[in-house]
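Hi everyone, thanks for making time for this. I'd like to walk you through a few packing details, so please have a look at the structure with me.

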Amino acid sequence: MSETWPPRQGAVSQALSTLVEGICKDNDYEIRYSGMESADTLPVDGLLTIRDELNAAKVRLNHQIDKLVAHLAYLRNLSSPVHRLPPDVWVIILQEFGPWSPKRWVNTSLFPLLLVCRTWYDTVTGSPQLWGRHGINTNMHYEIARLVIDRSRMHPISVGWYASRERDLSKMLDLAIANSTRIRSIDMIVSRRNREDPWKLLEAPTPVLETLKIRGDINPWDGGPSDSVFDKFTLSEGPPLKHLSLRAVMTPLDSPRLSNLITLRLGGLSIRNLFRQLLRTLSSSQRLEMLCISEPEHNVGQLPLQASEPILLSHLKELVLNSVPSIDSGAILASICAPSCFHVAVIDMRFSEESSAEIDGLAAAIWGPDNNPAASLLGAATSEPGRRAVKVELDPVTRAVSIASLEPLREHWDVKFYRNDTRRLIDQLGRAISQLPSPPAVELNSNSYRGEYILINLLPWSGVLESLFVVGRDACRLVLQQLSQRHIIPGTGEVQWVCRKLSSITLQYGWNEEEDTATDGRVLLSLIRQRWSGEDGLAGTVRPSSFEVHCNETGFPNLWSLKDEITQILPSFRLIGYED
(Lines give C-alpha, C1' and ligand atoms only; values in the text may rest on other atoms or scores of the structure.)
Protein backbone atom coordinates (compact mmCIF):
# COMPACT_ATOMS: atom_id res chain seq x y z
CA MET A 1 0.00 0.00 0.00
CA SER A 2 1.41 3.43 -0.98
CA GLU A 3 2.20 5.88 1.82
CA THR A 4 -0.13 8.89 2.10
CA TRP A 5 1.29 12.42 2.56
CA PRO A 6 -0.59 15.59 3.58
CA PRO A 7 -1.04 18.22 0.83
CA ARG A 8 1.79 20.77 0.50
CA GLN A 9 1.24 24.12 2.17
CA GLY A 10 1.86 25.94 -1.10
CA ALA A 11 -1.02 24.13 -2.83
CA VAL A 12 -3.42 25.04 -0.01
CA SER A 13 -2.28 28.71 -0.02
CA GLN A 14 -2.66 28.93 -3.79
CA ALA A 15 -6.19 27.51 -3.66
CA LEU A 16 -7.16 29.95 -0.88
CA SER A 17 -5.71 32.90 -2.82
CA THR A 18 -7.71 31.99 -5.91
CA LEU A 19 -10.92 31.75 -3.83
CA VAL A 20 -10.44 35.05 -1.98
CA GLU A 21 -9.40 36.98 -5.07
CA GLY A 22 -12.39 35.63 -7.00
CA ILE A 23 -14.86 36.72 -4.29
CA CYS A 24 -13.29 40.17 -4.05
CA LYS A 25 -13.36 40.61 -7.80
CA ASP A 26 -17.06 39.72 -7.89
CA ASN A 27 -17.60 42.59 -5.40
CA ASP A 28 -15.48 45.12 -7.38
CA TYR A 29 -12.54 44.96 -4.99
CA GLU A 30 -9.09 44.61 -6.42
CA ILE A 31 -6.80 42.61 -4.12
CA ARG A 32 -3.86 40.34 -4.53
CA TYR A 33 -4.20 37.91 -1.66
CA SER A 34 -0.93 36.64 -0.21
CA GLY A 35 -1.87 36.05 3.39
CA MET A 36 -3.82 37.42 6.33
CA GLU A 37 -2.13 40.83 6.03
CA SER A 38 -3.59 41.26 2.54
CA ALA A 39 -7.08 41.59 4.03
CA ASP A 40 -6.05 44.78 5.82
CA THR A 41 -6.39 46.73 2.57
CA LEU A 42 -10.08 45.85 2.09
CA PRO A 43 -12.63 48.63 2.72
CA VAL A 44 -14.52 48.32 5.99
CA ASP A 45 -17.97 48.52 4.35
CA GLY A 46 -17.24 45.35 2.34
CA LEU A 47 -15.91 43.10 5.11
CA LEU A 48 -19.28 41.59 6.11
CA THR A 49 -20.19 40.80 2.50
CA ILE A 50 -16.87 39.11 1.83
CA ARG A 51 -17.13 37.20 5.12
CA ASP A 52 -20.61 35.81 4.28
CA GLU A 53 -19.54 34.79 0.80
CA LEU A 54 -16.44 33.07 2.19
CA ASN A 55 -18.62 31.06 4.62
CA ALA A 56 -20.96 30.06 1.78
CA ALA A 57 -18.00 29.11 -0.38
CA LYS A 58 -16.58 27.01 2.45
CA VAL A 59 -19.83 25.02 2.74
CA ARG A 60 -19.98 24.45 -1.00
CA LEU A 61 -16.29 23.56 -1.12
CA ASN A 62 -16.61 21.01 1.71
CA HIS A 63 -19.58 19.44 -0.03
CA GLN A 64 -17.69 19.17 -3.32
CA ILE A 65 -14.62 17.76 -1.59
CA ASP A 66 -16.75 15.15 0.23
CA LYS A 67 -18.34 14.11 -3.06
CA LEU A 68 -14.96 13.89 -4.73
CA VAL A 69 -13.51 11.83 -1.87
CA ALA A 70 -16.49 9.48 -2.00
CA HIS A 71 -16.17 9.14 -5.75
CA LEU A 72 -12.47 8.38 -5.48
CA ALA A 73 -13.22 5.71 -2.86
CA TYR A 74 -15.89 4.25 -5.14
CA LEU A 75 -13.42 4.12 -8.06
CA ARG A 76 -10.84 2.45 -5.84
CA ASN A 77 -13.37 -0.11 -4.57
CA LEU A 78 -14.31 -0.94 -8.13
CA SER A 79 -10.71 -1.83 -8.79
CA SER A 80 -10.54 -4.29 -5.86
CA PRO A 81 -10.79 -8.05 -6.65
CA VAL A 82 -14.08 -8.51 -4.79
CA HIS A 83 -15.82 -5.84 -6.89
CA ARG A 84 -14.52 -7.33 -10.11
CA LEU A 85 -16.56 -10.47 -9.51
CA PRO A 86 -19.25 -11.03 -12.14
CA PRO A 87 -22.84 -10.41 -10.96
CA ASP A 88 -23.77 -14.10 -11.29
CA VAL A 89 -20.94 -15.01 -8.90
CA TRP A 90 -22.25 -12.43 -6.41
CA VAL A 91 -25.66 -14.05 -6.64
CA ILE A 92 -24.19 -17.45 -5.78
CA ILE A 93 -22.32 -15.99 -2.79
CA LEU A 94 -25.38 -14.21 -1.43
CA GLN A 95 -27.49 -17.34 -1.95
CA GLU A 96 -25.10 -19.46 0.09
CA PHE A 97 -24.12 -16.92 2.74
CA GLY A 98 -27.06 -14.54 2.89
CA PRO A 99 -28.73 -13.24 6.07
CA TRP A 100 -29.50 -16.05 8.53
CA SER A 101 -30.31 -16.43 12.20
CA PRO A 102 -31.45 -19.40 14.33
CA LYS A 103 -34.00 -17.05 15.90
CA ARG A 104 -36.97 -16.70 13.61
CA TRP A 105 -37.88 -13.23 14.94
CA VAL A 106 -34.54 -11.76 13.80
CA ASN A 107 -34.73 -9.87 10.51
CA THR A 108 -33.08 -12.04 7.87
CA SER A 109 -34.55 -10.32 4.83
CA LEU A 110 -32.55 -9.01 1.91
CA PHE A 111 -33.28 -5.36 2.68
CA PRO A 112 -30.22 -4.74 4.91
CA LEU A 113 -28.02 -5.92 2.04
CA LEU A 114 -29.26 -3.05 -0.11
CA LEU A 115 -27.46 -0.58 2.18
CA VAL A 116 -23.99 -2.14 1.97
CA CYS A 117 -22.82 -0.68 -1.34
CA ARG A 118 -23.98 -0.03 -4.89
CA THR A 119 -22.61 -3.34 -6.13
CA TRP A 120 -24.68 -5.26 -3.59
CA TYR A 121 -27.71 -3.06 -4.29
CA ASP A 122 -27.52 -3.68 -8.01
CA THR A 123 -26.93 -7.41 -7.48
CA VAL A 124 -29.84 -7.90 -5.06
CA THR A 125 -32.38 -5.79 -6.94
CA GLY A 126 -31.51 -7.46 -10.24
CA SER A 127 -31.60 -11.07 -8.97
CA PRO A 128 -35.14 -12.49 -8.59
CA GLN A 129 -33.74 -15.87 -7.52
CA LEU A 130 -32.37 -14.25 -4.35
CA TRP A 131 -35.80 -12.95 -3.40
CA GLY A 132 -37.31 -16.35 -4.04
CA ARG A 133 -34.70 -18.14 -1.96
CA HIS A 134 -35.23 -15.94 1.10
CA GLY A 135 -38.95 -15.94 0.50
CA ILE A 136 -41.71 -14.75 2.81
CA ASN A 137 -42.68 -15.49 6.40
CA THR A 138 -45.42 -14.47 8.77
CA ASN A 139 -43.09 -12.17 10.71
CA MET A 140 -43.08 -9.83 7.69
CA HIS A 141 -45.52 -7.04 7.06
CA TYR A 142 -47.98 -8.00 4.35
CA GLU A 143 -46.77 -5.26 1.96
CA ILE A 144 -43.18 -6.42 2.35
CA ALA A 145 -44.24 -9.99 1.58
CA ARG A 146 -45.99 -8.78 -1.58
CA LEU A 147 -42.85 -6.92 -2.61
CA VAL A 148 -40.78 -10.09 -2.14
CA ILE A 149 -43.27 -12.06 -4.25
CA ASP A 150 -43.12 -9.43 -7.00
CA ARG A 151 -39.32 -9.18 -6.91
CA SER A 152 -38.92 -12.97 -7.16
CA ARG A 153 -40.98 -12.97 -10.38
CA MET A 154 -41.58 -16.61 -11.33
CA HIS A 155 -38.72 -18.17 -9.35
CA PRO A 156 -39.47 -20.74 -6.62
CA ILE A 157 -40.04 -19.28 -3.16
CA SER A 158 -39.78 -20.42 0.45
CA VAL A 159 -42.49 -19.85 3.06
CA GLY A 160 -42.05 -19.56 6.83
CA TRP A 161 -45.30 -19.91 8.76
CA TYR A 162 -45.09 -19.29 12.50
CA ALA A 163 -48.04 -19.44 14.89
CA SER A 164 -49.25 -16.02 16.03
CA ARG A 165 -52.00 -15.04 18.44
CA GLU A 166 -51.75 -11.30 17.93
CA ARG A 167 -51.85 -10.90 14.15
CA ASP A 168 -54.49 -11.67 11.57
CA LEU A 169 -52.68 -13.79 8.99
CA SER A 170 -55.59 -14.29 6.61
CA LYS A 171 -54.10 -11.97 3.95
CA MET A 172 -50.71 -13.69 4.26
CA LEU A 173 -52.43 -17.05 3.89
CA ASP A 174 -54.22 -15.90 0.74
CA LEU A 175 -50.94 -14.58 -0.68
CA ALA A 176 -49.15 -17.88 0.01
CA ILE A 177 -51.98 -19.99 -1.44
CA ALA A 178 -52.13 -17.79 -4.55
CA ASN A 179 -48.44 -18.55 -5.14
CA SER A 180 -48.44 -22.17 -3.87
CA THR A 181 -47.32 -23.53 -7.25
CA ARG A 182 -44.01 -21.70 -6.76
CA ILE A 183 -43.34 -22.87 -3.16
CA ARG A 184 -40.18 -24.97 -2.91
CA SER A 185 -39.73 -24.96 0.88
CA ILE A 186 -42.13 -24.69 3.84
CA ASP A 187 -41.01 -24.17 7.45
CA MET A 188 -44.04 -24.19 9.72
CA ILE A 189 -44.81 -23.95 13.44
CA VAL A 190 -48.47 -24.58 14.25
CA SER A 191 -50.51 -24.30 17.41
CA ARG A 192 -53.90 -25.78 18.22
CA ARG A 193 -55.44 -22.34 18.11
CA ASN A 194 -54.73 -21.72 14.41
CA ARG A 195 -53.75 -25.08 12.90
CA GLU A 196 -56.58 -24.94 10.34
CA ASP A 197 -54.94 -22.03 8.50
CA PRO A 198 -51.62 -23.70 7.64
CA TRP A 199 -53.44 -26.96 6.80
CA LYS A 200 -55.17 -25.02 3.98
CA LEU A 201 -51.76 -24.08 2.59
CA LEU A 202 -50.62 -27.72 2.61
CA GLU A 203 -53.78 -28.77 0.77
CA ALA A 204 -53.08 -26.25 -2.02
CA PRO A 205 -51.19 -27.51 -5.12
CA THR A 206 -47.42 -27.49 -4.51
CA PRO A 207 -45.83 -29.15 -7.56
CA VAL A 208 -42.29 -27.87 -6.87
CA LEU A 209 -42.28 -28.43 -3.09
CA GLU A 210 -39.05 -30.18 -2.00
CA THR A 211 -38.65 -29.43 1.72
CA LEU A 212 -41.39 -29.63 4.36
CA LYS A 213 -40.67 -28.92 8.03
CA ILE A 214 -43.54 -28.75 10.53
CA ARG A 215 -43.36 -28.49 14.32
CA GLY A 216 -46.36 -28.61 16.62
CA ASP A 217 -46.23 -25.97 19.34
CA ILE A 218 -48.01 -28.01 22.01
CA ASN A 219 -49.40 -25.71 24.69
CA PRO A 220 -52.09 -26.81 27.19
CA TRP A 221 -53.52 -23.28 27.18
CA ASP A 222 -54.42 -23.65 23.50
CA GLY A 223 -57.09 -26.23 24.27
CA GLY A 224 -56.08 -29.86 24.18
CA PRO A 225 -53.91 -32.27 26.16
CA SER A 226 -50.30 -31.20 26.52
CA ASP A 227 -48.85 -34.64 25.72
CA SER A 228 -50.68 -35.43 22.50
CA VAL A 229 -49.78 -34.78 18.88
CA PHE A 230 -51.69 -32.71 16.37
CA ASP A 231 -54.31 -34.04 14.01
CA LYS A 232 -53.19 -35.53 10.74
CA PHE A 233 -52.77 -33.18 7.83
CA THR A 234 -53.13 -34.14 4.21
CA LEU A 235 -50.54 -33.01 1.70
CA SER A 236 -51.75 -32.24 -1.81
CA GLU A 237 -50.80 -34.54 -4.65
CA GLY A 238 -47.57 -33.90 -6.49
CA PRO A 239 -44.02 -35.15 -7.06
CA PRO A 240 -42.14 -36.78 -4.14
CA LEU A 241 -40.51 -34.52 -1.57
CA LYS A 242 -36.77 -34.54 -0.85
CA HIS A 243 -36.72 -33.51 2.81
CA LEU A 244 -39.36 -34.10 5.51
CA SER A 245 -39.22 -33.08 9.17
CA LEU A 246 -42.21 -33.58 11.49
CA ARG A 247 -42.44 -32.99 15.22
CA ALA A 248 -45.69 -33.68 17.11
CA VAL A 249 -47.58 -33.51 13.80
CA MET A 250 -49.09 -36.52 12.04
CA THR A 251 -49.41 -37.35 8.36
CA PRO A 252 -49.65 -40.69 6.51
CA LEU A 253 -46.03 -41.77 6.02
CA ASP A 254 -46.99 -44.08 3.16
CA SER A 255 -48.12 -41.13 1.03
CA PRO A 256 -46.73 -41.21 -2.55
CA ARG A 257 -45.15 -37.80 -1.92
CA LEU A 258 -42.92 -39.38 0.76
CA SER A 259 -41.74 -42.24 -1.43
CA ASN A 260 -38.26 -41.01 -2.37
CA LEU A 261 -36.94 -38.93 0.51
CA ILE A 262 -33.33 -37.84 1.04
CA THR A 263 -33.72 -36.84 4.69
CA LEU A 264 -36.38 -37.89 7.20
CA ARG A 265 -36.74 -36.45 10.71
CA LEU A 266 -39.51 -37.54 13.09
CA GLY A 267 -39.97 -36.33 16.65
CA GLY A 268 -42.66 -36.59 19.29
CA LEU A 269 -44.63 -39.23 17.34
CA SER A 270 -45.69 -42.76 18.21
CA ILE A 271 -43.31 -44.87 16.17
CA ARG A 272 -45.17 -47.96 17.34
CA ASN A 273 -48.37 -46.83 15.62
CA LEU A 274 -46.55 -45.63 12.49
CA PHE A 275 -44.08 -48.48 12.20
CA ARG A 276 -45.56 -50.27 9.20
CA GLN A 277 -45.91 -46.97 7.32
CA LEU A 278 -42.34 -46.08 8.27
CA LEU A 279 -41.03 -49.34 6.81
CA ARG A 280 -42.85 -48.69 3.54
CA THR A 281 -41.40 -45.18 3.38
CA LEU A 282 -37.87 -46.47 4.03
CA SER A 283 -38.16 -49.26 1.49
CA SER A 284 -39.24 -46.77 -1.20
CA SER A 285 -36.60 -44.13 -0.31
CA GLN A 286 -33.53 -45.69 -1.86
CA ARG A 287 -31.68 -42.36 -1.90
CA LEU A 288 -32.24 -41.70 1.84
CA GLU A 289 -29.12 -40.15 3.38
CA MET A 290 -30.30 -39.19 6.86
CA LEU A 291 -32.80 -40.81 9.26
CA CYS A 292 -33.45 -39.13 12.62
CA ILE A 293 -36.10 -40.23 15.13
CA SER A 294 -36.07 -38.46 18.50
CA GLU A 295 -38.11 -38.45 21.71
CA PRO A 296 -41.12 -40.29 20.31
CA GLU A 297 -44.44 -40.38 22.09
CA HIS A 298 -44.36 -43.49 24.28
CA ASN A 299 -47.31 -45.82 24.51
CA VAL A 300 -47.98 -49.46 25.25
CA GLY A 301 -49.85 -50.28 22.06
CA GLN A 302 -49.16 -53.11 19.64
CA LEU A 303 -45.50 -54.01 19.48
CA PRO A 304 -43.75 -53.21 16.18
CA LEU A 305 -42.62 -56.07 13.98
CA GLN A 306 -39.29 -55.98 12.20
CA ALA A 307 -39.12 -56.27 8.43
CA SER A 308 -38.94 -59.82 7.10
CA GLU A 309 -35.71 -58.86 5.32
CA PRO A 310 -33.53 -55.89 6.31
CA ILE A 311 -34.23 -52.87 4.09
CA LEU A 312 -31.07 -51.90 2.24
CA LEU A 313 -30.38 -48.17 2.58
CA SER A 314 -27.22 -47.98 0.52
CA HIS A 315 -26.96 -44.17 0.62
CA LEU A 316 -27.71 -43.65 4.33
CA LYS A 317 -24.92 -41.58 5.89
CA GLU A 318 -26.46 -40.52 9.22
CA LEU A 319 -28.65 -42.51 11.62
CA VAL A 320 -29.96 -40.92 14.83
CA LEU A 321 -32.33 -42.63 17.28
CA ASN A 322 -32.60 -40.47 20.38
CA SER A 323 -34.48 -41.60 23.51
CA VAL A 324 -36.47 -44.18 21.57
CA PRO A 325 -38.04 -47.06 23.58
CA SER A 326 -35.93 -50.21 23.46
CA ILE A 327 -38.48 -52.26 21.54
CA ASP A 328 -39.06 -49.51 18.96
CA SER A 329 -35.34 -48.80 18.43
CA GLY A 330 -34.62 -52.53 18.26
CA ALA A 331 -37.32 -53.02 15.62
CA ILE A 332 -35.91 -50.17 13.54
CA LEU A 333 -32.30 -51.37 13.80
CA ALA A 334 -33.26 -54.94 12.99
CA SER A 335 -35.17 -53.77 9.90
CA ILE A 336 -32.47 -51.77 8.10
CA CYS A 337 -29.03 -52.33 6.65
CA ALA A 338 -26.92 -49.23 5.96
CA PRO A 339 -23.46 -50.26 4.75
CA SER A 340 -22.30 -46.68 4.06
CA CYS A 341 -23.42 -45.09 7.32
CA PHE A 342 -20.56 -43.29 9.11
CA HIS A 343 -22.50 -41.22 11.67
CA VAL A 344 -24.54 -43.31 14.12
CA ALA A 345 -26.06 -41.95 17.34
CA VAL A 346 -28.47 -44.33 19.09
CA ILE A 347 -29.73 -43.91 22.64
CA ASP A 348 -32.66 -46.15 23.52
CA MET A 349 -34.81 -45.98 26.65
CA ARG A 350 -35.89 -48.94 28.78
CA PHE A 351 -39.47 -48.92 30.09
CA SER A 352 -40.71 -51.27 32.81
CA GLU A 353 -43.70 -52.53 30.84
CA GLU A 354 -41.63 -53.59 27.85
CA SER A 355 -41.31 -57.29 27.16
CA SER A 356 -37.83 -58.63 27.86
CA ALA A 357 -38.47 -61.55 25.49
CA GLU A 358 -39.32 -59.15 22.64
CA ILE A 359 -36.22 -57.04 23.32
CA ASP A 360 -33.99 -60.13 23.45
CA GLY A 361 -35.44 -61.36 20.16
CA LEU A 362 -34.74 -58.07 18.43
CA ALA A 363 -31.24 -57.94 19.92
CA ALA A 364 -30.59 -61.41 18.52
CA ALA A 365 -31.66 -60.16 15.08
CA ILE A 366 -29.38 -57.11 15.32
CA TRP A 367 -26.32 -58.89 16.70
CA GLY A 368 -26.97 -62.29 15.15
CA PRO A 369 -24.82 -64.25 12.68
CA ASP A 370 -25.90 -62.26 9.62
CA ASN A 371 -24.45 -59.09 11.15
CA ASN A 372 -26.10 -56.77 8.62
CA PRO A 373 -27.58 -54.41 11.26
CA ALA A 374 -24.49 -54.80 13.45
CA ALA A 375 -22.20 -53.86 10.57
CA SER A 376 -24.30 -50.76 9.97
CA LEU A 377 -24.13 -49.70 13.60
CA LEU A 378 -20.38 -50.17 13.79
CA GLY A 379 -19.54 -48.87 10.34
CA ALA A 380 -17.86 -52.14 9.43
CA ALA A 381 -18.96 -51.89 5.82
CA THR A 382 -17.80 -48.33 5.18
CA SER A 383 -14.95 -47.72 2.76
CA GLU A 384 -13.01 -45.55 5.20
CA PRO A 385 -9.34 -46.59 5.07
CA GLY A 386 -7.16 -47.22 8.09
CA ARG A 387 -7.41 -49.14 11.32
CA ARG A 388 -10.64 -48.69 13.24
CA ALA A 389 -11.25 -48.86 16.98
CA VAL A 390 -14.30 -48.68 19.25
CA LYS A 391 -14.79 -48.24 22.98
CA VAL A 392 -17.35 -50.37 24.81
CA GLU A 393 -18.33 -49.09 28.25
CA LEU A 394 -20.51 -50.78 30.88
CA ASP A 395 -22.44 -48.84 33.54
CA PRO A 396 -23.63 -51.06 36.42
CA VAL A 397 -25.95 -48.41 37.85
CA THR A 398 -28.07 -47.65 34.77
CA ARG A 399 -27.40 -51.10 33.24
CA ALA A 400 -26.28 -49.32 30.08
CA VAL A 401 -23.91 -50.58 27.40
CA SER A 402 -22.26 -47.86 25.28
CA ILE A 403 -20.31 -48.19 22.05
CA ALA A 404 -18.36 -45.21 20.72
CA SER A 405 -15.83 -44.75 17.93
CA LEU A 406 -12.32 -43.70 18.88
CA GLU A 407 -11.72 -41.78 15.61
CA PRO A 408 -14.38 -39.02 15.86
CA LEU A 409 -12.74 -36.88 13.18
CA ARG A 410 -13.06 -39.64 10.59
CA GLU A 411 -16.29 -41.31 11.69
CA HIS A 412 -18.71 -41.16 14.58
CA TRP A 413 -20.57 -43.91 16.43
CA ASP A 414 -22.22 -43.31 19.75
CA VAL A 415 -24.61 -46.11 20.68
CA LYS A 416 -26.13 -46.70 24.10
CA PHE A 417 -28.50 -49.51 25.08
CA TYR A 418 -30.29 -49.96 28.42
CA ARG A 419 -31.02 -53.57 29.36
CA ASN A 420 -32.08 -55.51 32.44
CA ASP A 421 -29.97 -58.46 31.31
CA THR A 422 -26.80 -56.56 30.49
CA ARG A 423 -24.52 -59.61 30.40
CA ARG A 424 -26.54 -61.25 27.62
CA LEU A 425 -26.22 -58.12 25.46
CA ILE A 426 -22.47 -57.90 26.17
CA ASP A 427 -21.99 -61.48 24.96
CA GLN A 428 -24.04 -60.76 21.82
CA LEU A 429 -21.99 -57.64 21.12
CA GLY A 430 -18.71 -59.50 21.52
CA ARG A 431 -19.72 -62.29 19.15
CA ALA A 432 -21.16 -59.86 16.59
CA ILE A 433 -18.09 -57.64 16.53
CA SER A 434 -15.73 -60.62 16.35
CA GLN A 435 -17.59 -62.04 13.35
CA LEU A 436 -17.48 -58.84 11.29
CA PRO A 437 -15.46 -59.09 8.05
CA SER A 438 -13.04 -56.43 9.30
CA PRO A 439 -13.62 -56.20 13.04
CA PRO A 440 -12.41 -53.09 14.86
CA ALA A 441 -10.05 -53.09 17.80
CA VAL A 442 -12.02 -52.92 21.05
CA GLU A 443 -11.38 -51.05 24.28
CA LEU A 444 -13.63 -52.51 27.01
CA ASN A 445 -14.32 -50.56 30.21
CA SER A 446 -16.40 -51.99 33.07
CA ASN A 447 -16.99 -49.40 35.78
CA SER A 448 -18.20 -49.85 39.33
CA TYR A 449 -20.30 -47.78 41.71
CA ARG A 450 -20.74 -48.51 45.44
CA GLY A 451 -19.85 -52.14 45.04
CA GLU A 452 -22.02 -52.68 41.95
CA TYR A 453 -20.29 -54.03 38.88
CA ILE A 454 -20.92 -56.19 35.85
CA LEU A 455 -19.12 -59.52 35.52
CA ILE A 456 -17.78 -59.95 31.99
CA ASN A 457 -17.37 -63.07 29.93
CA LEU A 458 -14.22 -62.33 27.91
CA LEU A 459 -14.44 -65.29 25.55
CA PRO A 460 -16.81 -63.63 23.00
CA TRP A 461 -14.36 -60.69 22.83
CA SER A 462 -11.24 -62.84 22.59
CA GLY A 463 -10.36 -62.04 18.98
CA VAL A 464 -10.84 -58.24 19.09
CA LEU A 465 -10.11 -57.04 22.65
CA GLU A 466 -6.95 -54.91 22.86
CA SER A 467 -7.59 -52.77 25.95
CA LEU A 468 -9.35 -53.78 29.18
CA PHE A 469 -10.30 -51.70 32.23
CA VAL A 470 -12.17 -53.45 35.07
CA VAL A 471 -13.25 -52.17 38.50
CA GLY A 472 -14.30 -54.28 41.49
CA ARG A 473 -12.84 -57.25 43.39
CA ASP A 474 -15.05 -59.99 41.96
CA ALA A 475 -14.79 -58.57 38.43
CA CYS A 476 -10.97 -58.39 38.66
CA ARG A 477 -10.73 -61.96 39.97
CA LEU A 478 -12.93 -63.23 37.14
CA VAL A 479 -10.70 -61.47 34.60
CA LEU A 480 -7.54 -63.05 36.06
CA GLN A 481 -9.14 -66.50 35.92
CA GLN A 482 -10.24 -66.05 32.30
CA LEU A 483 -6.93 -64.62 31.09
CA SER A 484 -5.26 -67.79 32.49
CA GLN A 485 -7.31 -69.93 30.10
CA ARG A 486 -6.89 -71.06 26.52
CA HIS A 487 -9.60 -71.85 24.02
CA ILE A 488 -9.93 -73.68 20.73
CA ILE A 489 -10.49 -71.58 17.62
CA PRO A 490 -13.64 -72.87 15.85
CA GLY A 491 -12.95 -74.32 12.43
CA THR A 492 -9.15 -74.52 12.83
CA GLY A 493 -8.72 -76.45 16.05
CA GLU A 494 -5.90 -74.09 17.02
CA VAL A 495 -5.40 -73.48 20.76
CA GLN A 496 -4.88 -69.84 21.74
CA TRP A 497 -4.86 -67.74 24.86
CA VAL A 498 -8.07 -65.87 25.67
CA CYS A 499 -7.77 -62.26 24.44
CA ARG A 500 -4.31 -62.80 22.98
CA LYS A 501 -4.27 -59.28 21.44
CA LEU A 502 -4.50 -57.48 24.76
CA SER A 503 -1.96 -54.65 24.89
CA SER A 504 -3.35 -52.72 27.88
CA ILE A 505 -4.82 -54.19 31.08
CA THR A 506 -6.01 -52.21 34.10
CA LEU A 507 -7.52 -53.90 37.18
CA GLN A 508 -8.79 -51.63 39.91
CA TYR A 509 -9.79 -53.04 43.31
CA GLY A 510 -11.97 -51.04 45.65
CA TRP A 511 -10.48 -48.84 48.37
CA ASN A 512 -11.88 -50.92 51.26
CA GLU A 513 -11.60 -54.33 49.58
CA GLU A 514 -9.22 -56.98 50.93
CA GLU A 515 -7.36 -59.71 49.13
CA ASP A 516 -7.89 -63.43 49.06
CA THR A 517 -4.46 -64.99 48.81
CA ALA A 518 -5.63 -67.87 46.65
CA THR A 519 -7.65 -65.79 44.17
CA ASP A 520 -5.60 -62.61 43.92
CA GLY A 521 -1.82 -62.71 44.31
CA ARG A 522 -1.27 -66.39 43.48
CA VAL A 523 -3.63 -66.34 40.50
CA LEU A 524 -1.94 -63.19 39.15
CA LEU A 525 1.55 -64.68 39.53
CA SER A 526 0.46 -67.95 37.92
CA LEU A 527 -1.15 -66.06 35.05
CA ILE A 528 1.98 -64.06 34.32
CA ARG A 529 4.23 -67.13 34.51
CA GLN A 530 2.10 -69.17 32.15
CA ARG A 531 0.90 -66.50 29.73
CA TRP A 532 4.09 -64.54 29.22
CA SER A 533 7.01 -66.77 30.24
CA GLY A 534 5.91 -70.10 28.72
CA GLU A 535 6.76 -72.10 31.87
CA ASP A 536 4.23 -74.82 31.02
CA GLY A 537 5.84 -75.53 27.67
CA LEU A 538 3.25 -73.70 25.57
CA ALA A 539 4.20 -70.59 23.63
CA GLY A 540 3.44 -67.35 25.43
CA THR A 541 1.39 -64.59 23.90
CA VAL A 542 2.27 -60.98 23.05
CA ARG A 543 3.32 -59.02 26.13
CA PRO A 544 1.08 -56.06 26.98
CA SER A 545 2.60 -52.60 26.81
CA SER A 546 0.79 -51.74 30.06
CA PHE A 547 -0.50 -53.94 32.89
CA GLU A 548 -1.63 -52.02 35.96
CA VAL A 549 -3.20 -53.26 39.19
CA HIS A 550 -4.60 -50.63 41.56
CA CYS A 551 -5.20 -51.68 45.16
CA ASN A 552 -4.70 -50.61 48.76
CA GLU A 553 -1.34 -51.92 50.06
CA THR A 554 -2.70 -52.56 53.55
CA GLY A 555 -5.52 -54.67 52.14
CA PHE A 556 -3.37 -56.67 49.70
CA PRO A 557 -0.04 -57.38 51.51
CA ASN A 558 0.59 -60.72 49.75
CA LEU A 559 0.07 -59.20 46.32
CA TRP A 560 2.48 -56.38 47.12
CA SER A 561 5.09 -58.91 48.28
CA LEU A 562 5.02 -60.44 44.79
CA LYS A 563 5.58 -57.12 42.99
CA ASP A 564 9.30 -57.58 42.24
CA GLU A 565 8.92 -61.18 41.09
CA ILE A 566 6.10 -60.25 38.75
CA THR A 567 8.00 -57.27 37.34
CA GLN A 568 11.01 -59.46 36.50
CA ILE A 569 8.81 -61.58 34.26
CA LEU A 570 6.70 -58.73 32.88
CA PRO A 571 8.57 -55.37 32.99
CA SER A 572 5.44 -53.43 31.92
CA PHE A 573 3.62 -54.51 35.12
CA ARG A 574 2.89 -51.76 37.66
CA LEU A 575 1.33 -52.15 41.09
CA ILE A 576 -0.19 -48.83 42.13
CA GLY A 577 -1.40 -48.01 45.63
CA TYR A 578 -4.04 -45.46 46.37
CA GLU A 579 -1.52 -43.55 48.47
CA ASP A 580 0.75 -43.05 45.41
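Before the first example, a word on the angles I'll quote: axes are lines fitted to C-alpha atoms, for helices over the stretch in contact, and the angles run from 0 to 180 degrees between N-to-C directions. Please also keep in mind that this is a predicted model.

Let's start with two helices. Helix α3, residues 87-96, packs against helix α4, residues 118-125, at an angle of about 85°, and their axes are 10 Å apart. Angles of 65 to 115 degrees count as roughly perpendicular, and α3 and α4 are therefore roughly perpendicular to each other. On the α3 side, the contact is made by Pro87, Trp90, Val91 and Leu94, while α4 brings Thr119, Trp120, Thr123 and Val124.

Now for the aromatics. How many aromatic pairs does a search of the whole structure find? It finds 5. Take Trp199 and Phe233: their ring centres are 5.3 Å apart and their planes are at 40°, so this pair is tilted. Trp199 lies in helix α8, residues 196-203, and Phe233 in the loop between β4 (211-216) and β5 (243-247), so the pair ties together parts that are 34 residues apart in sequence. Are Trp199 and Phe233 buried or exposed? Both Trp199 and Phe233 are buried.

Another tilted pair is Tyr509 with Phe556, at 4.7 Å centre to centre and 55° between the planes. Here, too, distant parts of the chain are linked: Tyr509 is in the loop between β21 (504-508) and α15 (521-533), and Phe556 is in the loop between β22 (546-550) and α16 (557-561), 47 residues apart. Tyr509 is buried, and Phe556 is buried as well.

There is also a cluster, in which ring pairs link Trp532, Phe547 and Phe573. And for those of you who like charges and rings, the charged end of Arg486 sits over the ring of Trp497, 3.9 Å from its centre.

Finally, let me take you back to β4, the strand where Leu212 lies. Leu212 has a relative accessible area of 1%, so this residue is buried. Leaving aside residues up to four places away in sequence, Leu212 touches Ile186, Leu202, Phe233, Leu235, Leu241, His243, Leu244 and Ser245. One of those is Leu202, 10 residues from Leu212 along the chain, with 9.6 Å between their C-alpha atoms.

Methods
Residues are numbered from 1 along each chain as its sequence is written. This is a predicted model: local features need pLDDT of at least 70, side-chain atom pairs count only at pLDDT 80 or more; totals for chains, interfaces and linings use all residues. Side-chain values use heavy atoms; hydrogens and water are left out. Helices (H or I, at least four residues) and strands (E, at least two) are DSSP runs, numbered from the N terminus. Angles under 35 degrees count as roughly parallel, over 145 as roughly antiparallel, 65 to 115 as roughly perpendicular and the rest as oblique. Contact means heavy atoms within 4.5 Å. Rings of Phe, Tyr and Trp (its six-membered ring) pair if their centres lie within 6.5 Å; planes under 30 degrees apart count as stacked, over 60 as edge-to-face and the rest as tilted. Buried means under 20% relative accessible area, exposed over 50%, partly exposed in between (1.4 Å probe, protein chains only). A charge sits over a ring if NZ of Lys or CZ of Arg is within 6 Å of the ring centre and within 35 degrees of the ring normal.
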